[in-house]
Amino acid sequence: MELAQMVTQAMWGKDSYLKQLPHFTLELIKKCQEKKIESIFDVMEMEDDDRNELLQLMEEQMADVARFCNKYPNIEMSFEVQEKESLHSGSPVNVLVSLERDELVGQVVAPFFPQKREERWSVVIGDNKSNSLLSIRRLTLQQKAKVKLDFVAPSPGHYNYTIFFMSDAYMGCDQEYKFSIDVKEGDSESESDSD
């Protein structure tokens, strides 16, 4: 997914996320970093006068920056582990993820990508400790979406997982949230043998 971001934006993973913005030269990026402006969201949150003074771009160039910022994904994500208190070894763990964005999506702004492209997302549940992927869903998000991810509860114990929400088109907008579950012993077979 990170490779798709780099290819789409014609950047390396080590590059500043600001490099995605139109008319942002290495000198301008350095100037922004000196003022602690590191992300697209930092640029968007600046007061207009401060932004104009820092960037010193012509009106047409500022319009290009504004167009990019308006398309840059600002997505609210929330999630819920369903029936979290009654998880047993071998039972399904269901995680309901809700996504909502302010603006409707259009084509990805990627001037160096050779064709038009739609923005796609992946929602992933992973275990950092064992470096394993438990569940994944790919989606195209217009304005709102609900996604259900599931996996089988492991042996009894306490587990820490991470939900990753990743773009395949833009750098710097990925999100991750940690959650944990407590898994109890699986239902015993003695209940079914009680005849």
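In this predicted model, the side chains of Thr162 and Asn128 make a polar contact at 3.2 Å. Thr162 belongs to strand S6, which covers residues 157-167. With a relative accessibility of 2%, Thr162 counts as buried, because buried residues are those under 20%. Beyond its neighbours within four places in sequence, Thr162 is in contact with Val124, Ile125, Gly126 and Asn128, and also with Glu176, Tyr177, Lys178 and Phe179.

Two of these partners, Tyr177 and Phe179, lead on to the aromatic residues. Together with Phe79, Phe151, Tyr159 and Tyr161, Tyr177 and Phe179 form one aromatic cluster. Across the whole structure, a search finds 10 aromatic pairs. One of them joins Phe68 and Tyr170 in an edge-to-face arrangement, with 5.8 Å from centre to centre and 80° between the planes. Phe68 lies in helix H5 (residues 59-71), while Tyr170 is in the loop between S6 and strand S7 (175-183), so this pair ties together parts 102 residues apart in sequence. Phe68 and Tyr170 are both buried. A ring can also meet a charge: the charged end of Arg117 sits over the ring of Phe113, 5.5 Å from the ring centre.

Setting aside residues up to four places away in sequence, Ile181 touches Val81, Lys84, Leu87, Val93, Phe151, Gly157, His158, Tyr159 and Tyr161. Among these, Phe151, Tyr159 and Tyr161 are also members of the aromatic cluster described above.

Conventions:
Residues are numbered from 1 along each chain as its sequence is written. This is a predicted model: local features need pLDDT of at least 70, side-chain atom pairs count only at pLDDT 80 or more; totals for chains, interfaces and linings use all residues. Side-chain values use heavy atoms; hydrogens and water are left out. Contact means heavy atoms within 4.5 Å. Helices (H or I, at least four residues) and strands (E, at least two) are DSSP runs, numbered from the N terminus. Buried means under 20% relative accessible area, exposed over 50%, partly exposed in between (1.4 Å probe, protein chains only). A polar contact is a pair of N or O atoms within 3.5 Å; within protein, one must be able to donate a hydrogen and the other to accept it, and residues adjacent in sequence count only if both atoms are side-chain atoms. Rings of Phe, Tyr and Trp (its six-membered ring) pair if their centres lie within 6.5 Å; planes under 30 degrees apart count as stacked, over 60 as edge-to-face and the rest as tilted. A charge sits over a ring if NZ of Lys or CZ of Arg is within 6 Å of the ring centre and within 35 degrees of the ring normal.
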